Amino acid sequence: MRLPAVAALALLLLSALPAGAVKPDEMLADPRLESRARALSEELRCLVCQNQSIDDSDADLARDLRLLVRERIAAGDSDRGVLDYLVARYGEFVLLRPRFNLQTALLWLTPFAVLALGGLAIARGVRRRAAAAPAAPLDDDERARLAALLAEDR
Amino acid sequence: MIVELGHYALVLALALALVQAVVPIWGARIGDAALMATAGPTAAGQFLFVALSFAALTWAHVVSDFSVANVFENSHSLKPMIYKISGVWGNHEGSMLLWVTILALFGALVAVFGRNLPPILKADVLGVQAWVAAAFYLFVLVTSNPFARLVSPPLEGRDLNPVLQDPGLAIHPPLLYLGYVGFSIAFSFAVAALIEGRIDAAWARWVRPWTLAAWVFLTLGIAMGSYWAYYELGWGGWWFWDPVENASLMPWLAGTALLHSAIVMEKRDALKIWTILLAVLAFSLSLLGTFLVRSGVLTSVHAFASDPTRGVFILAILVAFIGGSLTLFAIRAPGLTKGGLFAPISREGALVFNNLFLTSACAAVFFGTLYPLMLEAATGAKISVGAPFFDATFGPLMVPLLIAVPIGPFLAWKRGDLLAVAQRLAAVLALAMAGFAVTWWATRGGPVLAPLGVGLALWLVLGALAEVAFRVHLFSEAPRNALRRAVGLPRSAWGTMFAHLGLGLTLLGIVAESNWRIESILVMKPGDTVQVGRFSLAFDGVVMRRGPNFDEAVAGFAVRDGGGRPFRMEPSKRTFRARPMPTTETAIATYDGFSQLYLSLGDTQADGGVAMRIYWKPLVLLIWLGCVAMALGGCISLTDRRLRIGAPRPHRVAAEPPAGDPQPAE
């Protein structure tokens, strides 16, 4: 349902000057570093927005974070280092891909658990029902009737 | 006066819904045909009154009656007529009224088209439908009355949210609601079957067309919303894994699973219990979506939906219907007869595989959307779940499913032969591999997974074509015979082909757009020229223009494709006079059929330049055209003979599908 998301965005536009997210003046000169910054930006949440990455968001805070990411990259941090730095400052909430830990284990594992348990349940059901109703071979009578039916059909 | 009549009509609809919710079901229990027969007329009457109510609100918007609070808050006398009409549902109250109108429409359609439904089933289905309707009429009347008047009417309205002033608003919500609410029919059928405690193949024949119709609308609604976001928001994205989008994707996934499991139930009388559960789940997820969007639970930023009383009311509806139907399911399901044995490698097996993966993917979306809420409620810890999470979970769960799609329709019912299928699909596999190799070679050094994606998309598209080709003996018989067979092929087989082919096209679009788009973000001054891909764009400055209720800054570009003649593209920014809120109007030009050049105007810089976002998006249109092909497949399947002639009467239940082709498939 796009409509309320669009409306939400409209609200965001109210609070910040409009423009499409990353602005030319923020970008790093080195295209390799800049592309790393863009990739990292997609992993980071604009903390004041509704589920937007700082790469998409127009809010002032997103701009600050984008600049911060670029600053850390320019200072020689690894991708991991940049993320650690931001988590230390803003908490796990800043990550759009939650790190796997005790708190998020359910989140990460449930879809695959559904798959595994569903698969097991299906496999068990198939086996049980195959065992419960073995396909009995036709006896002579049935074979005769089958032949008669087939002949009739022709 | 008209507005009060509309309000009163809604109250009457509620009264009729309450009658319809009790009398027919009671009649069915005591075996009174007269009581059961009230279901049809009440359903029709309900729709009549809701339609009147909706018409009254539309009238108030059309004539700009600002004494109505809803019109005052969402309209403006200068607003173009199309937005006066679509503005009726561009707000909370109006959109809920549209919701119940569509719900009543579906109930009335069942009443009209359900003439040859078994009377008890019909009474129960319409009764359950009325429970849902009554709950939502109450919701509208108690918490979201669109007909409230203002004591001192203002002269001018506050205008509709500018971002919503777009043709997308006229199409997207109605389509989406037709899909959401359409699943209520499958739900009502499922609950009716649970009340009765029996299901037969006729049940599946009844449920499938309604599910299919709802699915077609939901598919188109989601695609339309995605395209709207793409051209309106101005940064070229088309899917954001936003909770609101996920709310529509979940019922779609469950509905897609339901479509496929209903096939097994109809043809082979198997998977009955599971199909019932899916029918309950699909609509439950629609209700959940309504709750997520309407209650404001997703945090406060949503423009309409922050009043907690509404949230609590919908939550109560949600708990009552989902909890009630699942409890009923838990009581009744063990007593339902199981049917239809099949080997793991068979058409049924393939459809079970489809259901398993779609359900898991749906679980990924469900947990990704709700887990932050649950965790915060349970521990107070705040985490975010965004696109990278869904890419990492939903993606891997879809890949095995996509690989299996072309194989499924080739498998025989009951017991399939994988080796024989492999032989038939060998050519398709070879072509898909060739596609992979060529793409890999042509884009050396580019993204690694992209060529694999192209190969998979080709596998889907060619596999869908191959299925029909084999069934009409295209390569083994004279063209005339093949044509004769093609005409005789069940429509549902054509439907399958288009739907699966569409899936491949969408995948191809996604792979191409996300891996090979070219992006250029820069500041341009009048006279500047920039090269993006094969295009050169010359910027000649910004001019101001006046629209009916907005002012517009328009940037002019002369675009050259290679050495060709230049043509103009004019991205703009609008500021609405009633609400000083800017919107981006992107300029989009389509090339080579499916690729687009996309220009979006940013803000003006201190030095007089403008910030521009320019994209070249290869094959991007395929993302939505693929969805259209899927919907087309659904429509073709709806015209299948066995759906046209309706459900078989009891003495014909055992009759085989029409002869001519050995195994009619979906």
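1. B:Asp65 has a relative accessibility of 18% and therefore counts as buried; buried means under 20% relative accessible area, exposed over 50%, and partly exposed in between, with a 1.4 Å probe and protein chains only. This is a predicted model, in which local features need pLDDT of at least 70 and side-chain atom pairs count only at pLDDT 80 or more, while totals for chains, interfaces and linings use all residues. Residues are numbered from 1 along each chain as its sequence is written, chains are lettered from A and ligands numbered from 1 in the order in which they are written, and side-chain values use heavy atoms, with hydrogens and water left out.

2. B:Asp65 has a partner, B:Arg149, with which it forms a salt bridge whose closest N and O atoms are 3.2 Å apart. The term stands for a side-chain nitrogen of Lys or Arg within 4 Å of a carboxyl oxygen of Asp or Glu. B:Arg149 sits in the loop between helix 7 (119–143) and helix 8 (167–196) of chain B, and B:Asp65 in the loop between helix 3 (39–62) and helix 4 (69–74), so the pair ties together parts 84 residues apart in sequence. Helices (H or I, at least four residues) and strands (E, at least two) are DSSP runs, numbered from the N terminus. B:Arg149 is partly exposed, at 33% relative accessible area.

3. Side chains of opposite charge can pair when their charged atoms come close. Over all chains, the count comes to 31 salt bridges. One of them joins A:Arg99 to A:Asp84, with 2.9 Å between the closest N and O atoms. This pair links distant parts of the chain: A:Asp84 is in helix 4 (79–90) of chain A, and A:Arg99 is in the loop between that helix and helix 5 (105–132), 15 residues apart. A:Arg99 is partly exposed at 23%, and A:Asp84 is partly exposed at 33%.

4. In chain B, B:Arg198 forms a salt bridge with B:Glu196, the closest N and O atoms being 3.8 Å apart. B:Arg198 is partly exposed at 49% relative accessibility, and B:Glu196 is partly exposed at 26%. Elsewhere, B:Asp540, B:Arg545, B:Arg568 and B:Glu570 are linked in a network of salt bridges.

5. B:Glu585 belongs to strand 7 (residues 582–585) of chain B. B:Glu585 is buried, with a relative accessible area of 18%. Leaving aside residues up to four places away in sequence, B:Glu585 touches B:Glu232, B:Glu552, B:Pro571, B:Ser572 and B:Arg574; a contact means heavy atoms within 4.5 Å.

6. Chain A has 6 helices and 0 strands. Buried residues make up 44% of its 154 residues. Of the contacts in chain A between residues at least 6 apart in sequence, 51% join residues at least 24 apart.

7. A:Leu150 lies in helix 6 (residues 140–153) of chain A and is partly exposed, with a relative accessible area of 45%. Together with A:Leu138 and A:Leu146, A:Leu150 forms a nonpolar patch on the surface, with about 250 Å² of accessible area in total. Patches are made of residues with over 30% relative accessible area and no salt bridge; like charges are joined within 9 Å, and nonpolar side chains (Val, Leu, Ile, Met, Phe, Trp, Tyr) within 5 Å. Accessible areas come from the Shrake-Rupley method with a 1.4 Å probe, and for residues only the protein chains shown count as cover.

8. A note on confidence: the model scores ipTM 0.84 and pTM 0.89. Chain B has a mean pLDDT of 88, and 94% of its residues reach 70 or more; pLDDT is the predictor's confidence in each residue, from 0 to 100. Over residues 647–666 of chain B, pLDDT stays under 50.
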